[in-house]
Structures are given as C-alpha cells and as structure tokens.
Amino acid sequence: MQINRNIDLTFGLDGKVAIVTGAAGDIGKATVALLVAHGVKVIAEDIKPAVSELACTGQVVALVGDVAEEETAKRAIALALEHFGTVDILVNNAGRTMNKAVLEMSVADWDGIMAVNARGTFLHIREALRIMLDRGNGAIVNVSSIVSEVGMPQTAVYAASKGAIAQLTKVVAVEYGNRGIRANAVAPGVVETGILDGMVEDSRATLASYDHLHPIGRVGQASEIARVIVFLASQHASFITGATIMADGGYTAQ
Ligand SMILES: NC(=O)c1ccc[n+]([C@@H]2O[C@H](COP(=O)([O-])OP(=O)(O)OC[C@H]3O[C@@H](n4cnc5c(N)ncnc54)[C@H](O)[C@@H]3O)[C@@H](O)[C@H]2O)c1
C-alpha cells in the first residue's frame, strides 16, 4: 500500500479577506496576527481607537466603531469591499463581560452586554451574509464562552449572551449551509487577556487565579484561541459547521 504524499497541508487562506471585531483586544490581536501570517487581508474593528495601530501594513485596514451599531457593521463590509473586493471570513470576537448576580442587575446592565455580545454578532453576520451568499462561500467564527454550556455564579447576562451566540451559530449553519456558508463558534475557558481591565484591580492576576479550575492546570493564552479561530475559518474545517468547539483546557469535561 502506498502513502499519498500529495496532501494539501495549507490552510487555504492566502488572499482571503476577513473582518475581525474586537481586534484591539488580546484574542482579537492574536487572531489578526495569525490571519495576516496566513496571507489574509483584514478589516480590524474595535471601539478602541488603538485598533488603528494594527493598520501598519497594507494588509490591515482599521475601523473604529461600536459593534452594537448597525452602521458599524455596514461600514465594515463597505471597507472590505472598497479595499479588498470581498468578504470571505467574519470573526465576531468583540465582547464585554459583567460580574453581577441576577438580583444586582439593572435593565441597562442587561441591555448593554446583550447589545455588544449578541446584537453585535447578529448585525455583523447579517451584513456579511449579504456578500458571502452572492459569492457562494463564507466562513463565520463567533467567540462564545464556556458559560454558554455551564452555569457560573455572577455571569447571568454574559452567559445568556454567549448562549445566544452559540444558538445563533447553529441557526446560521443550517439556514445557509447549502449555499456555501459555514458558521462555527469557539468557547474559550478562562484566558489571560484584558477582559477584566477596569473591572477588578489586578485583572491579569485575577484571571491567573482560575488556573486550578482547568484540568490542564492553567488558564489559556490568547494565541491558543486564535489558532482555533483560524482553523475554523480555514479549509481544514471544511466539514465543520454549526459546532461550538470548546477551547477550555478541559473545563467543561468535568
Ligand atoms: N478572556 C477570557 O477569559 C474569555 C473567556 C471566554 C470568552 N472570551 C471572549 O473572547 C472575546 C475576546 O475577549 P478578550 O478576552 O480578548 O478580551 P479583551 O477585552 O482583550 O478584548 C475584547 C475587545 O472587544 C472590544 N469591544 C468591547 N465592546 C465593544 C464594542 N461595543 N464595539 C467594538 N469593540 C468592542 C474591546 O474594546 C476589546 O478590545 C470576547 O468575546 C470574550 O467574551 C474571553
């Protein structure tokens, strides 16, 4: 028996065009860097003006805007078309968290988190689909969380928003699967990023204190989530759609 050595090991991403939201954050930055390394042209979007610093090569165009606004989603698509001619990949990564019990939470708290995490994801998917369906292909990767699967105190609205993302991912996968669209999600465990900045005193140390909750014995790094995102966007994941991949050091295996 012969071993076939003519196997395509590439990710098939060279020359593709992606939109990445939350691109000024840690997972976002790592994702942009990895996509660029694979030859992808990127619209890097964030509410923080610092996202503009990523636009140092002709391969990245920055967009400062609020993902929860319809206009931002439309602008992201317009920029992708204007600069790079199409949209092949959408990474819905922008997110905010909130540590409050149900009884402490106001309507404004609820709406604020849902607007960014759930509505922002929906708006970008809707706008990107208009182009992807025309072209007959597209890969959507949404960033969910382990709290879409397990209950954790103080995470009510964050968990609800991430659960919404996981379900939306499935619906998009079944609605548009036969028209060339794949939609998947990655659900990270605790990852050492700036997500708690401004919420607790030493945010990185707080996140690191979750090490023991992960069977692997440590929290994750942004680059480890970026690798899953890029895999899901690539041709290596051509038969995966509607899935939420747990990238959680075994957290949800317990
Ligand atoms: N860090 C973790 O432990 C963890 C775990 C599970 C899931 N996640 C998810 O990973 C994603 C990335 O988060 P991160 O950990 O890199 O944190 P981060 O805070 O470093 O990055 C999040 C980015 O989203 C941006 N953002 C927030 N609100 C926005 C808005 N309205 N419009 C545009 N951009 C906005 C922020 O400015 C920030 O740059 C989020 O969706 C988060 O919920 C993180």
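## From the ligand to the strands around it

A polar side-chain atom of Asp-66 lies 2.8 Å from a nitrogen atom of the ligand, a polar contact in the sense of two N or O atoms within 3.5 Å (within protein, one must be able to donate a hydrogen and the other to accept it, and residues adjacent in sequence count only if both atoms are side-chain atoms). Before we go on, please note that this is a predicted model, in which local features need pLDDT of at least 70 and side-chain atom pairs count only at pLDDT 80 or more, while totals for chains, interfaces and linings use all residues. Residues are numbered from 1 along each chain as its sequence is written, and side-chain values use heavy atoms, with hydrogens and water left out.

Let us stay with the ligand for a moment. It is surrounded by 28 residues, and the closest are Asp-46, Asp-66, Asn-93, Tyr-158 and Thr-193; a residue belongs to this group if one of its heavy atoms lies within 4 Å of the ligand. Backbone atoms take part too: a polar backbone atom of Asn-93 is 2.8 Å from an oxygen atom of the ligand, and a backbone N or O atom of Gly-25 lies 3.0 Å from a ligand oxygen.

Asn-93 leads us on to Thr-21, whose side chain reaches the backbone nitrogen of Asn-93 at 2.8 Å. Thr-21 is found in strand E1, where strands (E, at least two residues) and helices (H or I, at least four) are DSSP runs numbered from the N terminus. Thr-21 is buried, with a relative accessible area of 1%; buried means under 20%, exposed over 50%, and partly exposed in between, using a 1.4 Å probe and protein chains only. Leaving aside residues up to four places away in sequence, Thr-21 touches several others, including Val-91, Asn-92 and His-124, with contact meaning heavy atoms within 4.5 Å.

Next comes strand E4 (residues 89-92). In a regular strand the side chains alternate between the two faces of the sheet. In E4 both faces are covered, with Ile-89 and Val-91 buried on one side and Leu-90 and Asn-92 buried on the other. E1 (residues 17-21) runs parallel to E4 and is joined to it by 3 bridges; two strands pair if DSSP finds at least two bridges between them. Leu-90 in E4 is the bridge partner of Ile-19, and Leu-90 also stands opposite Ile-140 in E5. E4 and E5 (residues 138-143) pair in the parallel sense over 4 bridges.

From E5 we can walk on to E6. The two run parallel and are joined by 6 bridges, with Val-143 opposite Val-186 in E6. In E6, 8 of its 8 residues are buried. Another 4 bridges join E6 to E7, again in parallel, and Val-186 has Ile-245 of E7 as its bridge partner.

Our last stop is helix H6 (residues 222-233). Among its buried residues are Ile-225, Val-228 and Leu-232. The buried residues of H6 pack against helix H1 (26-37) and strands E4, E5, E6 (181-188) and E7 (244-247).
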